[in-house]
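Visitor: I would like a close look at a single part of this model. Please take me through it step by step.

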Amino acid sequence: MSLVTLITDFGIKEGNVGVMKGVIWEIVPHVQIADISHLVSPQNIAEAALILARTAPYFPGGTIHVVVVDPGVGTQRRPLAVILGTQRFVLPDNGSITMVLERAEREGLPVLFFHLDQPKFWRKEISHVFHGRDIFAPVAGHLASGQPIEAMGQRIEDPIRLSLPQPRLDEDGWRGEVIHIDHFGNLSTNILFEHLGWKPGVTILLGGASISGLAHTFGEKPPGSLVALYGSNGNLIVCVVNGSAAVQLGAQVGDPVEVRFNP
Amino acid sequence: MSLVTLITDFGIKEGNVGVMKGVIWEIVPHVQIADISHLVSPQNIAEAALILARTAPYFPGGTIHVVVVDPGVGTQRRPLAVILGTQRFVLPDNGSITMVLERAEREGLPVLFFHLDQPKFWRKEISHVFHGRDIFAPVAGHLASGQPIEAMGQRIEDPIRLSLPQPRLDEDGWRGEVIHIDHFGNLSTNILFEHLGWKPGVTILLGGASISGLAHTFGEKPPGSLVALYGSNGNLIVCVVNGSAAVQLGAQVGDPVEVRFNP
Amino acid sequence: MSLVTLITDFGIKEGNVGVMKGVIWEIVPHVQIADISHLVSPQNIAEAALILARTAPYFPGGTIHVVVVDPGVGTQRRPLAVILGTQRFVLPDNGSITMVLERAEREGLPVLFFHLDQPKFWRKEISHVFHGRDIFAPVAGHLASGQPIEAMGQRIEDPIRLSLPQPRLDEDGWRGEVIHIDHFGNLSTNILFEHLGWKPGVTILLGGASISGLAHTFGEKPPGSLVALYGSNGNLIVCVVNGSAAVQLGAQVGDPVEVRFNP
């Protein structure tokens, strides 16, 4: 039996996430369901795409990832089921698949998109405002119960993709930006280990601060120090040891970051 | 094996919810437990009743819903187990059952109340302050393991009910109030689809704003627009597309809302 | 099959907790995992120790408790697996075990510590910043799947312990401090039922307020009253009925509390 994961912007107070679990378990009792995040910023598709990309790779093959950050609910936007390698995704066609899709393409994995157009796999009554309950959860349940994805909708080839900010290399170094700020106030950038590696002598510039060199981990410097290191997904991150870089630097998503080769 | 759901006002930091799961799993290993909400406002029984009513219908028959918003813990208020149709409820006798009970009565479902007065289904030591752990969780565990509800307490006929605000109809239209504000800032009212349907030409008045006509979904209007539509449970809701009506209108639970027939 | 519980300071937005579940379920499908708390204050090891001590006793024998509040991640601090009686613990060697350990020692339970030094029970690549994913979750998974703890590392005898504040008794009474403030604003102290019992005529002094006598439960006094009673773990707590003692008294963790015998 498959696992199911859930990413939404529903928050955790109203019980809408619980409703989706009830719908799934009615179809496929006892399947394990993991809450990944329900605190995606409202309607923030790019954030959902990032959280999905940071978490999906750590789940077993066959897992079904459901992502419902869906400002277009009730409009003509298509509901999708997607196969990327051994994993499956159920989500609106609004770009939230982008980061996992681009990685799958880089890795040469099988990629298949299906437009969910077969109402027999949905709840009987479909609201205009809660397709998480009425379409995405029941489809995930039927997938988890072993129904074939091919029966649930037509193949398509043109899913919507987000245009994600890419870092740029010039002779002085890399220029990127802050793409996420985590619970600890660590600043995650779109400059990756594969871009920079352990190049010596670099200086990292962000929010008026200048950091010399790359650290391996937080504990190398005393509490309160600014450090730049690689996060657990290989992104260059800027942190304050036992503190919040977001607070100390007043940084926000989208802020520019530079890595200079010859400071 | 049954499912168990949990609604509390315990928050999610201290681990009290986890304690309830440990107690349940000690009695009935491997039962699936769904967190519905642990962010009910402290001691807010009416809010618990509303969240229960919005979520319970989407769970399979046999599910056991545990609700612990319990300002009367340790006093003479009775602990209850309740059958409404095919679903079961375990909760203090303080009115949190009201909305699901009234719906069950409207639908003519079987309704049975039991005063939990048999300590052999409880933990051995009963604190004065945490009956969620000491009475409600073990009772839910024993129910989930197949013990008969009739053995757990005497039938009663006089559960406490909340007096919930009802909308009023006069010749100008419906007058109701805001009964819930969700994570997105959408304002849910006690005026229902069954009251109003798709009556044309209506004007919705709330917090100084006037909205002409009913929308079908958020995406019909541009971001930032105020819209009135039906929420996923059939309540009339007032929303800002991709924004917060609560913030834009400064609205609160209890604020009056009017639907005028001939503006 | 064992249960697994999780305590972290990761928050619930980024999905790092979900990643740990994916890693565990890849090793041992279908094991039940209970979130205890992911809102431990960042790097607050003492708070993690307290939440662990308040929750672990309510889980069945064999449960595996994973605690990742880990400011020393990536340094030389040791990863540990611990047996205390019938329960097991997987956590960094930073003192988060202290409170459950001291209780186990008082109760004369078997106590065994293992330094996790066998990488074959870890993920293949170990980051410097996320041992929850790379070491602690896979070790928990292998333990849950029945692998022997003895294979995972060498016995050690010198785990790090926190120095926890102890209450003092003099002829006037007990002097302790606030050790936790819960979701409701109740103030939990380190003075215990076993210290004080139901001694008559006591006065409790905290934050400039004076409370005469001990109550049995919240509902004995009218809403808004300050009361002192025993919490569900036997700690003396100071509360406002249906309100927040933390707000009313402006109290913080570490504030002194006195129980005077002859006021």
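Which strand do 3 bridges join to strand β8 (residues 168–170) of chain B?

Guide: This is a predicted model, in which local features need pLDDT of at least 70, side-chain atom pairs count only at pLDDT 80 or more, and totals for chains, interfaces and linings use all residues; side-chain values use heavy atoms, with hydrogens and water left out. Residues are numbered from 1 along each chain as its sequence is written, while chains are lettered from A and ligands numbered from 1 in the order in which they are written.

The strand is β9 (residues 173–181) of chain B, which runs antiparallel to β8(B). Strands here are DSSP runs (E, at least two residues), numbered from the N terminus, and two of them pair if DSSP finds at least two bridges between them.

Another antiparallel pairing, made by 3 bridges, is with strand β10 (residues 187–192) of chain B. Here the bridge partner of B:Ile181 is B:Leu187 in β10(B). β9(B) and β10(B) also form a hairpin, with 5 residues between the strands. In that turn, B:Gly185 has a positive phi of about 85°.

Terms used:
Helix = DSSP H or I, 4+ residues; strand = E, 2+ residues; numbered from the N terminus.
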